[in-house]
Amino acid sequence: MENTSRRRPFEDKIPEEVRQHARAARQEMREGMKAFLPPEFWEHGRKARKEMLLAWRSMIDAALERMDKKEEN
């Protein structure tokens, strides 16, 4: 059975060597950014991502509560 959770529509059209090169370039870029930016930048980014996820959670919780109230009526 094919894993459909993560589709890659062009995977069969892009040679493996090119994909490996792109992955390596992406990793080098990440490492360069880590060396260039202070650790506080990355910590703030992690905290901001967490806050965004918490905001989405509260929105989903509120939507579920509204659905439950409609079902009760």
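This is a predicted model: local features need pLDDT of at least 70, side-chain atom pairs count only at pLDDT 80 or more; totals for chains, interfaces and linings use all residues.
Q: With which residue does glutamate 16 form a salt bridge, and how far apart are the closest N and O atoms?
A: Side chains of opposite charge can pair when their charged atoms come close. The cut-off for a salt bridge is 4 Å. Glutamate 16 meets it with arginine 23, at 3.0 Å.

Q: What is the relative accessibility of arginine 23, and how does it count?
A: Under 20% would be buried and over 50% exposed. Arginine 23 has a value of 36%, and therefore counts as partly exposed.

Q: Which residue forms a salt bridge with aspartate 12?
A: The closest N and O atoms of this pair are 3.8 Å apart. That is within the 4 Å limit, so the contact qualifies. The partner of aspartate 12 is lysine 13.

Q: What are the relative accessibilities of aspartate 12 and lysine 13?
A: Exposed means over 50% relative accessible area. Both residues carry that label, aspartate 12 and lysine 13. The value for aspartate 12 is 65%, and that for lysine 13 is 60%.

Q: In which helix are glutamate 43 and arginine 46, and by about how many turns are they separated?
A: Their side chains meet in a salt bridge, with 2.9 Å from N to O. Both sit in helix H2, 3 residues apart. That spacing means a separation of about one helical turn.

Q: How do glutamate 43 and arginine 46 count, and at what relative accessibility?
A: Both are partly exposed, glutamate 43 and arginine 46. Glutamate 43 has 33%, and arginine 46 has 44%.

Q: How many salt bridges does the count come to?
A: The pairs include aspartate 12 with lysine 13. Glutamate 43 with arginine 46 is another of them. The count comes to 5.

Q: Why is the pair of phenylalanine 41 and tryptophan 42 classed as it is?
A: A search of the whole structure finds 1 aromatic pair. In that pair, the ring centres of phenylalanine 41 and tryptophan 42 are 5.0 Å apart, and the planes stand at 90°. An angle over 60 degrees sets the class. The pair is therefore edge-to-face.

Q: What are the relative accessible area of phenylalanine 41 and the relative accessibility of tryptophan 42?
A: Phenylalanine 41 is partly exposed, and tryptophan 42 also counts as partly exposed. The value for phenylalanine 41 is 43%, and that for tryptophan 42 is 28%.

Q: Which residues form the negative surface patch?
A: Patch residues need over 30% relative accessible area and no salt bridge. Aspartate 68, one of the members, has 43% and so is partly exposed. Aspartate 68 is in helix H2, residues 39-72. The patch is formed by Asp61, Glu65, Asp68, Glu71 and Glu72.

Q: Which residues form the positive surface patch?
A: Arginine 6 is one of them. Arginine 6 is in the segment before helix H1, residues 16-36. At 61% relative accessibility, arginine 6 is exposed. The patch is made up of Arg6, Arg8, Arg26, Arg30 and Lys34.

Q: What is the area of the nonpolar surface patch?
A: Met52, Trp56, Met59, Ile60, Leu64 and Met67 make this patch. Tryptophan 56 is in helix H2 and, at 45% relative accessibility, is partly exposed. The patch area is about 630 Å².

Q: How far apart in space are glutamate 40 and glutamate 72?
A: Glutamate 40 is in helix H2. At 58% relative accessibility, glutamate 40 is exposed. Glutamate 72 comes 32 residues away in sequence, and the C-alpha to C-alpha distance is 48 Å.

Terms used: Residues are numbered from 1 along each chain as its sequence is written. Side-chain values use heavy atoms; hydrogens and water are left out. Patches are made of residues with over 30% relative accessible area and no salt bridge: like charges are joined within 9 Å, nonpolar side chains (Val, Leu, Ile, Met, Phe, Trp, Tyr) within 5 Å. Accessible areas come from the Shrake-Rupley method with a 1.4 Å probe; for residues, only the protein chains shown count as cover. Lys and Arg count as positive and Asp and Glu as negative; His and the chain ends are not counted. The place of a charge is taken as NZ of Lys, CZ of Arg, CG of Asp or CD of Glu. Helices (H or I, at least four residues) and strands (E, at least two) are DSSP runs, numbered from the N terminus. Buried means under 20% relative accessible area, exposed over 50%, partly exposed in between (1.4 Å probe, protein chains only). Rings of Phe, Tyr and Trp (its six-membered ring) pair if their centres lie within 6.5 Å; planes under 30 degrees apart count as stacked, over 60 as edge-to-face and the rest as tilted.
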